Amino acid sequence: MGQTGGMARTAVVAGTATAVSNRVSRRQANRWAAQEQPQQPAYQEPPPPAYAPPPPAPPPAADAPDMLEQLQKLGELRAAGVLTEAEFAAQKAKILAQ
């Protein structure tokens with residue numbers, strides 16, 4: 001083996017060592033990156049809006065007819081003598097407080 005053969009052999013060994021070293025470095029970097037990922041939250045909530053959203057609209061006045069019907073039934077029960085004046089007044093106050 002002459003001088004050219006020795007130089008070629010040295011080049012092959014050096015090239016192989018460089019390739020192995022680069023591969024080891026990449027694998028190590030990937031491992032470190034994988035270890036750091038669980039520390040970061042998977043999902044970050046968006047920041048709250050700069051303004052407050054308007055409050056929800058009040059429900060429609062659907063209870064008004066129901067309340068009126070209840071008061072009419074109470075009046076009928078009082079007129080029929082089923083309820084006393086005190087009972088009528090107490091039930092009426094309950095309905096109006098709703």
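1. Let's start with Arg-78. In this predicted model, Arg-78 is partly exposed, at a relative accessible area of 33%. For that scale, buried is under 20%, exposed is over 50%, and partly exposed lies in between, using a 1.4 Å probe and protein chains only.

2. What does Arg-78 meet in a salt bridge? Its partner is the side chain of Glu-85, at 3.6 Å from N to O. The rule asks for a side-chain nitrogen of Lys or Arg within 4 Å of a carboxyl oxygen of Asp or Glu, and the count by that rule is one. Side chains of opposite charge can pair when their charged atoms come close.

3. Arg-78 also has a ring to look at: its charged end sits over Phe-88, 4.1 Å from the ring centre. To count, NZ of Lys or CZ of Arg must be within 6 Å of the ring centre and within 35 degrees of the ring normal.

4. Now the overall fold. You'll find three helices and zero strands, in the order α-α-α from the N terminus. Helices (H or I, at least four residues) and strands (E, at least two) are DSSP runs, numbered from the N terminus. Of the chain's 98 residues, 4% count as buried.

5. Confidence is lowest in helix H1 (residues 3-36), with a mean of 79, and highest in helix H3 (residues 85-97), at 89.

6. A bit of housekeeping. Residues are numbered from 1 along each chain as its sequence is written, and side-chain values use heavy atoms, leaving out hydrogens and water. Local features need pLDDT of at least 70 and side-chain atom pairs 80 or more, while totals for chains, interfaces and linings use all residues.

Notes: pLDDT is the predictor's confidence in each residue, from 0 to 100.
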